[in-house]
Amino acid sequence: MEFSFDEKDFVSCCGSTKFAKDMVLASPFSSLQHAVSVARDVWFNNVDVNGWLQAFSAHPQIGNTHAPSVASEASAHWSKGEQSTALSTATGSSLQELSQWNARYREKFGFVFLICASGRTTDEILAELKRRYTNRPIVEFEIAAQEQMKITELRLAKLFSSTEDISSKIGNYSTAKKAEDRISIISSHVTAASESSSGKPIHHPARTRPPITTHVLDVSRGSPAAGIEVLLELWRGVQPRPTFGATDGGSWVFQGSSTTDQDGRSGQLLSIVEDVSPGIYRISFNTGKYIPNGFFPYVSIVFEIKDSQKREHFHVPLLLAPFSFSTYRGS
């Protein structure tokens, strides 16, 4: 089965008309995963700076549910849902402080503070806003574009969920990593430029969340996957790193575990520390329990944190379907 949507549907997912037109041209899509893969390529490789700014302008200020006039009805409705956790945890004083920092952010960068707010409290969002306020404009512009892509992916899932159930229609596919590769390249150049221009390493603000986080999206249902058990481990042994096909030389050491909440986000897998231990990590998901008749009894993702990255944040999301999955490094 193939899926096609109108330009207005894609504008509701991402407020860039260039993005929407290119998505229509790329239609139909065989699955949600196919649409997400194309959307990443379009957003990061086809849409220009003006298109990015147009998409940013379709979002309301965090803490304010009144959508801009350019936003579609569906976009405005989704924005309210995405901010529901923040609004439910807000107080009068925290909303006032958030409003003040939003104004400072817009004055400095020229666009609204953008963050994938789903499942985040007001305090978490405010802390992230303050942290990102210290960024150079070129750095922050790229971060905002990444956050827009996260929001777009969630909204594409909602768009697909409004059609008939597609769980039995999703097959195996190969996901191009073109968008993520481009982000990594841009980020490395930006970091290098920042360090060379200042003559000293970039200052990393204090953490407000654990250094390793995850969330799971059930692409067959078009919604977050709640109730999935998550396990985080670190490689320790005689061998400095696990070797493909080897059965000895070390073992995986437990670091933390949790279960995803209603927003598909895991609880705290690690303590909030300034410097995360460098090494090889493995994050595993009990997918067999969540999808008893699925293909994967569990899914494990192995990744490395280098010594030079010990103050960075590592977000390892999982896009899950009964017979396929994909992941990427988020922020």
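**The pocket and the annotated site**

Tutor: Let's start with the lining of the second largest pocket, whose residues split into 6 charged, 9 polar and 2 nonpolar. Keep in mind that this is a predicted model. The second largest pocket holds about 390 Å³ of space. Its lining is made up of 17 residues, and those closest to the pocket centre are E124, R209, P210, T213 and R265.

R265 is our link to the annotation. In the unreviewed UniProt entry, "binding site" is the label on H215, R265 and Y328. From that set, R265 is part of the lining of the second largest pocket.

Now over to H215, which sits in the loop connecting β1 (212-213) with β2 (216-218). H215 has 15% relative accessibility, so it counts as buried, the cut-off being under 20%. What does H215 touch, leaving aside residues up to four places away in sequence? Its contacts are G264, R265, H315, V316, P317 and L318. So that list brings us back to R265, a residue that carries the "binding site" annotation in the record too. With H315 there's also a polar contact: the two side chains, H215 and H315, are joined at 2.7 Å.

That leaves Y328, found in the segment that follows β10 (324-327). Is Y328 buried or exposed? Buried, because its relative accessible area is 13%, and the same cut-off of under 20% applies.

How values were computed
Residues numbered from 1 in each chain as written. Predicted model: local features only at pLDDT ≥ 70, side-chain atom pairs only at ≥ 80, totals over all residues. Heavy atoms only, no water. UniProt positions renumbered as here; feature names shortened; annotations may be inferred. 1 Å grid on protein atoms, 1.4 Å probe; cavity = no way out; pocket = protein on both sides within 12 Å on 5 of 7 lines; lining within 4 Å. Helix = DSSP H or I, 4+ residues; strand = E, 2+ residues; numbered from the N terminus. Buried < 20%, exposed > 50% of the residue type's maximum accessible area, 1.4 Å probe, protein only. Contact = heavy atoms within 4.5 Å. Polar contact = N/O pair within 3.5 Å; in protein donor to acceptor, adjacent residues only side chain to side chain. Points joined across faces, edges and corners; volume = space filled by probe spheres on them. Nonpolar A, V, L, I, M, F, W, Y, C, P; charged D, E, K, R; others polar.
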